[in-house]
Amino acid sequence: MTDVCNGDDGSGGADVVADACPLAGFGDSAETRALLASLADLHADLVTRESAVERFVVIMDRYQEQPHLLDPHLEWMMNMLLDLVRNEKAPPLLVHLGFKFLYIISKVRGYKVFMQLFPHEVSDLQPVLDLLLRQDPKDTETWETRYMLLLWLAMTCLIPFDLSRLDGHLNSDPRLNREPVMDRLLAVAKAYLQVSDKPRDAAAVLVSKFVTRPDVKQKRLGDFLDWTLAMVSEASDRTMAGTVALDGALRSLAQLFKHGKRDDFLPYAPTVLRCLDQKKLTDSSQAMLRKLGVKVLQRLGLTFLKPRLAKWRYQRGSRSLAVNLGHSAVAGQAEGAKHDPEAASPEEDYDIAEEVESVIEQLLVALKDKETVVRWSAAKGIGRVTGRLPRELADDVVGSVLDCFSFQETDNAWHGGCLALAELGRRGLLLPSRLPDVVPLIVQALTYDERRGACSLGSNVRDAACYVCWAFARAYDPTELKPYVNPIASALVITAIFDRNISCRKAASVSDVNTPRQCGTFPHGIDILTAADYFAVGNLSNCYLAISVYVAGFEEYTKPMIDHLVTRKINHWDGTIRELATRALHNLTPCAPEYMANTVLPRLLAVATGMDLHGRHGAILACAEITHALYTLGFCILIQKLSLSRMPFRDDPVIGEPAPLVSAAPCRSCHAQLLILYELSQHYSKQLVSRYLTALSSAEVQGRCGCALALGALPPFMIHNKLQQILHGLQEACRVVRGMEGFTEARRDAAVALARVCVTVGARSQGSPDNVVCEANVAGVYEALLDCMGDYTTDSRGDVGAWVRAAAMTGLQDVTLQVAVWPHPSLTHPSLYQAAEKIDRYRAHAGAVFLRLLHSTEPAVPHLPHREELLSIFPPEEAESLNWMSASEAFPRVTRLLSLPLYRYHTLLGLAVSVGGLTESTVRFSSQSLFDYLKTVQQDGAALLQFGNTLLQIFRDHLHNDRVSVPLLKMLDQMLSHGCFELFVHEDSHPLCVELLALCKEEIKKSKDIQKLRSCAAVYCGLIQFQGNVRKLILVQLMLLLCHPFPVIRKSTASQVYEMLLTYDDVVDLAVLNDVTTVLSDTNWESDLTTLRGYRNQLCDWLGVPRPTLLAKVTC
C-alpha cells in the first residue's frame, strides 16, 4: 500500500500499464559485462568514469521492482569487480570505483542477499581488515568503499575458527606491540558506529555477526554492551555528534538482540530496558532515533518471551489452488480442516516477565507517534510480541489497540491502530470473535477525514484501512468474513471511487481486487473490480461521473454511495470535490429517484440553511443538480406547468434573503432559474436585483462575491431599465475602499461581473444608458476597469491584487470588442504596462489580451495608437508562437515599445518593477532587453532625454510607493553602473542628475527600510559620475549615510563609497585618496556613532564638503 500522495487525478493509463510491464530476465547482461570489463581502462578520466557510473545506475534501476532477476548474474558481476579491488597494483581510484559498482548492485538487490556472495575464507579476513584500516572515515568521496568493506568483513568474521588462532605468537617478541584480531575488529566496528554516513549501517551489521560469535560473546559481549549503553546514556540528541552516536548505538543493539541467542542476551535485557527508559527516546525530536528505540524495544520484548508460536492463533487451513478455484467442499475439507482456536489444546503456562508489560505499553504509545516510520515499526513490534503471549494477555493487547480508534485521538493514533490491526490479522492473532468490534472501526477509518483549517487530515488513515481490508481478506476464511462483507465492500467501493487522494483510491481498488478473490462473497466483485481497476480510478472526474454510475447500478451500493456524497462530500473543504459530488448526485438520481426526492432533498434543504459555509454551498449545488435530474424524470412537471400558466404568488415570500455564499458554480445555472422566476412574476426580478445591489456593500467578502457574480449572470430581461443602476453598483464594488483593502476577491468578481453585464446587454453608441452600453455610460466602465489594473494589494498570500488585474484585463478585452464596431473612436485604449509584469502568468495573460485586440478582425479594433508599429513588433503570424511566459522571449519585444511615446510611460513602469525584482530569470532578461534598447539611443540626445524625463515622471508619481520606488532605485543603480547616461555626465550639473538627487533625498527621508536605503546609497554612488556642483551635493548625502543610525547602512555605504572612489578617480584629490580609502576600509563602521562622527568629519574635510551638524531638539 502506498502512503500519502497529494496528487488528485491520474493520467495516461496506457503509459502506466506500459511502465508496469514485468521484465522476463536480466536483458542487459552483455552490456554490463562489457562495462565492468572496461573499468580498468576508463577509470583515469573523470568524464568517462562518471558516464560509466551513470550508465550502470540506469541499467540497475530497471530492476528495482524485480531484483530477483539479477540473482543468476550476481556471482560473475561480483567476481569481476573483486578482481579489480584485489589487484595489488590497482590504483586507489580504480579500487574505489569497483566498490562503488558493488554498492550500486547491493542497493538494488539488497545487502542481505548480496553480502552472502562475498568470499569468506580464512585468508580473506586479514586483507579485508587491513584494507578497511587504510581508509579515511572522513573522506566523503569513498564512503561506498568503506560500506562494502564492512559488509565483507561481516561475512569473513563468520569463519568457524577461534579468532585467537589468527593472532599467532603475539607475546613471543615483547618488542612487537600487536593487537589481537578480535580487538582490532571490535575497534573498527566501534569507530564506524560513530560516523555520520552510510557505513554506520554496515557497522551495525558487522557487530551483529561478530559479537554473537561464540568466542567473542564469551570475552567481549558484556564489555561491548556496557560501551553501547554508556553511549546511549551520555549522548545528546540535541547535537549532531550526539545524534550520530545514538543512532549507531541503537542500531547495534537492535541487530544484536535480533540475531543473538535469547539465552545469551536475556541477562542483559533488563539493564538495556532500564537504560532506554531513562533516556526517554519517545521525547526525542529525531524521528529516526524514535524508530530505532522502538526496534530495540520490540527485540527486548521478544527476548523476555520464550520463542514459541501461540497455539491459540487463528489458522485459515488449506490454501491449495484447487480448493480456492472451487473444488468440492469435501475435497477442501479433506485437504485441510479449518482450525478452531476455541477448541485448541490448552497451552503450557509459564511466567511472563514484568518487563513485557512495560515494552507493550511503550509500543502502544509509539503507535500514536507523529512519524509514519515509527508507527509502522511499533505495529510490527506489537504483532511480533503478541504472537508469543498467552491468549488472555494477547486479547488485552488487542483491546488496547482498539482504544486508538477514538474520536478523541488524533489521525496518528488511527493510522497506527490500523497498521497494528493489519499486522495482528496477518499473523492470525486477531481471532474471529473480535471481528464484530474491529470491522465497524475499519469502516469508519475508510472514511476518516478530519478538518484542519483550509485542508484536512486522514488520507494516511484511509490508506492504512485499505491495507487492513487487504490483510483480512488473505488471513480469514470466507465464512468468517461473510457477515461483514457488505459493509466492508460498500466502504471500499466508496473509497475507491470518491476519495480525494489518488493513493487511497488505488489502495482501495487493490483491496477490492483481493477481497472477492480471497473471500468469494464480495457482491458483484468481479464486475466492480473490472470497472474500478487500479488504473481506472486514477482519474478523479472519471471516478465521480462515470464509474460511480456503473457501480450504483447494483442496488447494494446505491444508497451507501448517495449517503456518503450527501454526508461527506457536499460539505468538503475542496470546492472541486463539492462540485464533482453534486454532479455525481445528478447522475445517480435515476438510480434512486424516490430516495432522492423523499429523503435526500429534505436533508439538503436543512444543510442549505445551516452555519457551515461549505455545507451551504454544496447543498445549494446539490439541490440544483438533483432537482434538474428529477425534472428530466418528470417529477417537476408541476413546477413547469405552474410557471407556464403564470400562477401568481404576489402575497407569498417566494424569494427569501440572499445567502452569504452565492458562488460562481450556482451562478452558472442562475440564468435558467431566473427565467422561471420571470414566468412567475416580473415583480420579483426587480426585488432580486435590488437585494443583490444592496449586498454588494455587505461586510462579508463571500456575500459580495456571490452577489456580484449573480449580477453578472442576470439575463437581459432582468437588466432591462436597470443597467445604469447595476453598472454603478459594480463600479463602486471595484474600487479599493480604505479599511476594506482585503476584499480582493470581491473586487475581482465585481470586475468579472461588470464585463459580463456589458457583454449581456450589448453595445450601441446612441442607445439608452439604462438598456445598453453606450457613449453615456461606457466611460465609467472603462474607468472602473482601468482602476482595477492598478490594484496591487498584497497580504499573506502574496500579490492577491493580481487576481483583480487579470479580471480587469479580460474585462477590457470583452468591452473593447463590444464597442469596436462604433463608427467613431473609442473613448480609451487598454494599457500595456501589464505586458512587462514580473509575474510570468499575468504577463502572459496581458500579452494574450493585447494581441487579441491588436489582431482582431471580427470585429477589428480601430484607432489603436501606433497600430503599424505595433504590428511590426507583434506580427500576426508570430502571435501563437510567442511565449509570453518566457522572459527571454517577452521582454525583447516589450522594450521596443519604449520607442512609442504613448506606450513609453507604462512600459517603463512595468520594466522598472521587473528589472528591480527578485526573480533571477526575469531580472536578467528584462535588464538585458532594457540595456539593448538604451544602446540604440545612446548617442541620440533627444531620445535619451525623453527616456530620462519619463523615468523622472515615474519616480515622481510613485514617490514613497515601495512597490515601485525600491525596484526603480535598483534599476537606476544598474543603469548608472552600465553608463547608460554617459552622454549627459560631462554637462555641468545636468538637470537629470539634479532631479534624481532631489527625488532620492525625498524618497529616503525618515525611511527605515534597509533595502531602500542601501539601494539609494548605490544610486548616489552612480550619480557621482556627473560633473559640476551636483557632485558636492551627492557627497554630502553619502557622508550623512556614513553616520546613519543603522549600523548595516553605515557599513554598506562605506563599502560602496570605497568602490566608487576606486572607479571614479577624479572625485577626490590624488594626494588624499590613499588616506580616504584607508579610513573607509579600516574603520569599524558598526561601532559607536560618537566615535564615527570624527572619522566622517575628517572625510568631509578631505573631500571638500561641509561637515554635517546635529540639529538641536526643540523643546517646549
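Are Tyr933 and Phe947 buried or exposed? I looked this up first. Both Tyr933 and Phe947 are buried (under 20% relative accessible area with a 1.4 Å probe, protein chains only; exposed is over 50%, partly exposed in between).

**Ground rules.** I am working on a predicted model, where local features need pLDDT of at least 70, side-chain atom pairs count only at pLDDT 80 or more, and totals for chains, interfaces and linings use all residues. Residues are numbered from 1 along each chain as its sequence is written, and side-chain values use heavy atoms, with hydrogens and water left out.

**Aromatic pairs.** I found 21 aromatic pairs in the structure. Rings of Phe, Tyr and Trp (its six-membered ring) pair if their centres lie within 6.5 Å; planes under 30 degrees apart are stacked, over 60 edge-to-face, the rest tilted. One of the pairs is Tyr467 with Trp470, stacked at 5.9 Å centre to centre and 25° between the planes. Both sit in helix α24 (residues 459–475), 3 residues apart, so about one helical turn separates them. Helices here are DSSP runs (H or I, at least four residues), numbered from the N terminus. Tyr467 is buried, at 13% relative accessibility. Trp470 is partly exposed, at 24%.

I then went back to Tyr933 and Phe947. Their ring centres are 6.4 Å apart and their planes are at 45°, so this pair is tilted. Tyr933 belongs to helix α48 (residues 920–936) and Phe947 to helix α49 (residues 941–957), so the pair ties together parts 14 residues apart in sequence.

I also noted a cluster: ring pairs link Phe405, Phe407, Trp414 and Tyr448.

**Charges over rings.** My criterion is NZ of Lys or CZ of Arg within 6 Å of the ring centre and within 35 degrees of the ring normal. Arg33 has its charged end over the ring of Trp76, 4.0 Å from the centre. Arg963 lies over the face of Tyr792, 3.4 Å from the ring centre.

**Helix α23.** In α23 (residues 435–445), I listed Leu435, Val438, Val439, Leu441, Ile442 and Ala445 as buried. They cover an arc of only 170° around the axis (directions from the helix axis to the C-beta atoms), which puts them on the same side of α23. The buried residues of α23 pack against α21 (391–402), α22 (411–426), α24, α25 (478–481) and α26 (485–498). Contact means heavy atoms within 4.5 Å.

**Residues between α9 and α11.** Which residues of α9 meet α11? Trp143, Arg146, Tyr147, Leu150, Leu151, Leu153 and Ala154 do, against Pro199, Ala202, Ala203, Val205, Leu206 and Lys209 in α11.

Conventions. Helix = DSSP H or I, 4+ residues; strand = E, 2+ residues; numbered from the N terminus.
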